[in-house]
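Please find below a short note for your reading of this entry. Kindly keep the structure in view while going through the points.

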Amino acid sequence: CVDISKLTKETGLFTYDPGFGATASCKSAITYIDGDQGVLLYRGYPIDQLAEKSSFTEVSYLLMNGELPSAAELAKFEDEVTHHTMMHESLKAFLQGFRHDAHPMAMLAASVASMSAFYHDTLDLQDPEQRRLAAIRLIAKMPTLAAAAYRYSIGHPIRYPRNSLGYTERFLHMMFEVPSEELELSPVIAKAMDLLFILHADHEQNASTSTVRLVGSTGANPYASVAAGITALWGPAHGGANEAVLKQLAEIGDAKNVAKAVERAKDKNDPFRLMGFGHRVYKNFDPRAKIIREMTHKVLGELGVNDPLLDVAMKLEEFALKDDYFVERKLYPNVDFYSGIIYKALKIPTEMFTVLFAIGRTPGWVSHWLEQQVDPDARIGRPRQIYTGSPKRDYAKA
Ligand code: ACO
């Protein structure tokens, strides 16, 4: 690893690296990935251990603070988050300005950006306590805004957060009319959702987190920075893939059509790609996908759901993993491949899939933003370019 920043300052030399595949934009102590081995650690803890033993709020604390909380620290953190779950009443009016069929990701991005208009007290970025408060507010309000966006998009009244519930149950309660009975009947739903949030909580310098850092590097406030992250997440090459996977599986429709889909994905004259396959960093199985695949069988089994799309997904994985094209390029299922099937079994509408990703990723975004604020090496993010346009020429009417 070469630090070329000094060389760049002294000589003007810079590197051409489209997509930043070979460029570290910062130092970070939050998340470690070994893409060749398929390893993912949050603050040093393996993702499979956190998935098995931890909770989303505990993982949020861990990402923000660097250490697992004691029971008292966790209780205090959960208390603080619970205290900030309400959204400003005027935000409701703001949401009501959208067309009834607006995509919930559009509403989420806009309402998170609008938080900077509501919480002026957090704009003193020099004050660590105000920075921490802004991070807590984002973690606390994200499910409230997400559920409100969904409820508005289906024309149903917005539901207030029920603060006697835990983080994930509270979100489900805001989303659905009768979730409390459903949850009592099936705690497996809340557990599955909490686990999915844990698996999405951070992933070092992915496109959305890099966006949060890039916007944060200008001194913009955390709400604006995270709102930018949400818009970056929305694209189908990133978090939008979970929505795209389910649509693609439905289009393939039947396990007998899988071979044709795999052939099509290999055709360089066809833009068609297998959604949920491939990753910039993982050149081995995405460890999150492994956990989600196991969980899919368990959740569908416990809920008594028999989804033919699961058969299509399994066949697709089987075909792709023994196909030379996918083997040579090290294209494995990623985190988005199976998550949609679980969301569907939990009766989450497809257009909410990326919104759920955003809720899960929020502790990661705010932790990176917090880390950046105290990074002595942090500078405004300003990539260079290689100019390919016309040389200097004199103005003349065409
Ligand atoms: N289906 C078919 N071919 C693929 C796929 C795919 N899903 N992904 C990559 N390839 C091929 C490319 O065509 C390229 O082939 P070539 O070398 O013959 O030109 C090679 O594999 C390398 O692909 P790149 O696009 O250069 O890889 P990159 O690291 O830039 O992109 C990405 C990674 C965006 C994830 C890509 O694999 C992709 O588009 N996957 C589908 C979308 C998806 O699942 N996104 C979610 C990613 S995980 C996340 O963000 C949460």
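1. The model under review is predicted. Leaving aside neighbours within four places in sequence, His-279 is in contact with two residues, Asp-286 and Asn-334.

2. His-279 sits in the loop that joins helix 14 (258-266) to helix 15 (287-303). This residue is buried, because 22 other C-beta atoms lie within 10 Å and 20 or more are required for that class.

3. An unreviewed UniProt entry lists His-279 and Asp-336 under "active site".

4. Asp-336 belongs to helix 18, which covers residues 336-345. Asp-336 counts as buried, since it has 29 C-beta neighbours inside 10 Å. Apart from neighbours within four places in sequence, Asp-336 is in contact with Ala-241, Asn-242, Val-245 and Gly-276.

5. A separate point concerns helix 3 (residues 56-65) and helix 19 (residues 353-373), which pack with their axes 8 Å apart at an angle of about 15 degrees. Angles under 35 degrees count as roughly parallel, and helix 3 and helix 19 are therefore roughly parallel to each other. Their crossing is right-handed.

6. Which residues meet where helix 3 and helix 19 pack? Helix 3 contributes Val-59, Ser-60, Leu-63 and Met-64, while helix 19 contributes Pro-363, Gly-364, Val-366, Ser-367 and Leu-370. By class, this contact has six nonpolar and three polar residues, and no charged ones.

Note on methods:
Residues are numbered from 1 along each chain as its sequence is written. This is a predicted model: local features need pLDDT of at least 70, side-chain atom pairs count only at pLDDT 80 or more; totals for chains, interfaces and linings use all residues. UniProt positions are given in the numbering used here, feature names are shortened, and annotations may be inferred rather than shown by experiment. Helices (H or I, at least four residues) and strands (E, at least two) are DSSP runs, numbered from the N terminus. A residue is buried if 20 or more other C-beta atoms lie within 10 Å of its own, exposed if 12 or fewer, and partly exposed in between; C-beta atoms are placed from the backbone. Two residues are in contact if their C-beta atoms, placed from the backbone, lie within 7 Å. Axes are lines fitted to C-alpha atoms, for helices over the stretch in contact, and angles run from 0 to 180 degrees between N-to-C directions. Angles under 35 degrees count as roughly parallel, over 145 as roughly antiparallel, 65 to 115 as roughly perpendicular and the rest as oblique. A crossing is left-handed if the near helix is turned anticlockwise from the far one by less than a right angle, and right-handed if clockwise. Ala, Val, Leu, Ile, Met, Phe, Trp, Tyr, Cys and Pro count as nonpolar, Asp, Glu, Lys and Arg as charged, and the others, Gly among them, as polar.
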